[in-house]
Amino acid sequence: MIVLWILRGLVAALFLMVSSMKLTRHPHMVESFELFGYSYRVAQFTVAVEIPAALLLIAGFWWPWCAVAGALLVLPTMIGAAVTNLRFKGPAEVLLTLAVIAVLAAVVIVQWGG
């Protein structure tokens with residue numbers, strides 16, 4: 001249980017960090033979205049999903065249903081990122097990270113249901 005809490009906190013922190021990079025138009029983020037052929041509006045949309053997901057994951061420490069809601073937002077986001085990574089033959093370690101986050105989101109959802 002404690003390990004899951006720690007991992008949930010790390011995922012929330014990761015989403016907040018990546019979202020801040022997108023919001024500030026960090027050169028790496030701009031370059032990545034251009035490489036994928038996506039408008040930067042896609043980055044703005046992902047921020048609109050990632051920040052609430054991260055905040056819900058954090059709120060889930062007090063209210064478990066919030067963690068489930070955050071995980072339900074995280075899961076499709078990670079699937080979309082994985083599809084993009086596969087489509088553009090991105091680094092394997094990125095795909096592994098996305099898979100780990102998706103599995104963690106699924107565990108949070110299943111754990112709450114059990």
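In the predicted model, V108 is in contact (heavy atoms within 4.5 Å) with L4, R8, A67, V68 and A71, residues up to four places away in sequence not being counted. V108 is also listed, with V11, F15, L57, V74, M78 and I101, among the residues with the most contacts inside the largest nonpolar core, which has 18 residues. A nonpolar core is here a set of buried Ala, Val, Leu, Ile, Met, Phe, Trp, Tyr and Cys residues joined through side-chain atoms within 4.5 Å, where buried means under 20% relative accessible area (1.4 Å probe, protein chains only). Two or more residues of this core come from each of α1, α3, α4 and α5, and α5 gives the largest share, six residues. Another core, of six residues, lies apart from it and includes V18, M21, M29 and A43.

Helices are DSSP runs (H or I, at least four residues) numbered from the N terminus. For α4, the end C-alpha atoms are 35 Å apart, which agrees with the 34 Å that its 24 residues should span at 1.5 Å a residue; the expected span is 1.5 Å times one less than the number of residues. Buried positions in α4 are C66, A67, V68, G70, A71, V74, T77, M78, A82, T84 and N85. After α4 comes K89, with a positive phi near 50°.

The largest pocket has a volume of about 970 Å³. It is lined by 33 residues, of which K22, F36, A81, V94 and L98 are the closest to its centre. A pocket is an open set of points on a 1 Å grid over the protein atoms alone, where a 1.4 Å probe fits, with protein on both sides within 12 Å along at least five of seven lines; lining residues have an atom within 4 Å of a point. Grid points are joined across faces, edges and corners, and the volume is the space filled by probe spheres set on them. At least two lining residues are supplied by each of α1 (2–23), α2 (27–36), α3 (40–59), α4 (64–87) and α5 (92–113). The lining comprises 21 nonpolar, nine polar and three charged residues.

The second largest pocket holds about 150 Å³ of space. Among its eleven lining residues, M1, W5, R8, P64 and Q111 are the closest to its centre. Here α1, α4 and α5 each supply at least two residues of the lining.

Residues are numbered from 1 along each chain as its sequence is written. In this predicted model, local features need pLDDT of at least 70 and side-chain atom pairs count only at pLDDT 80 or more, whereas totals for chains, interfaces and linings use all residues; side-chain values use heavy atoms, with hydrogens and water left out.

Key
Nonpolar A, V, L, I, M, F, W, Y, C, P; charged D, E, K, R; others polar. Buried < 20%, exposed > 50% of the residue type's maximum accessible area, 1.4 Å probe, protein only.
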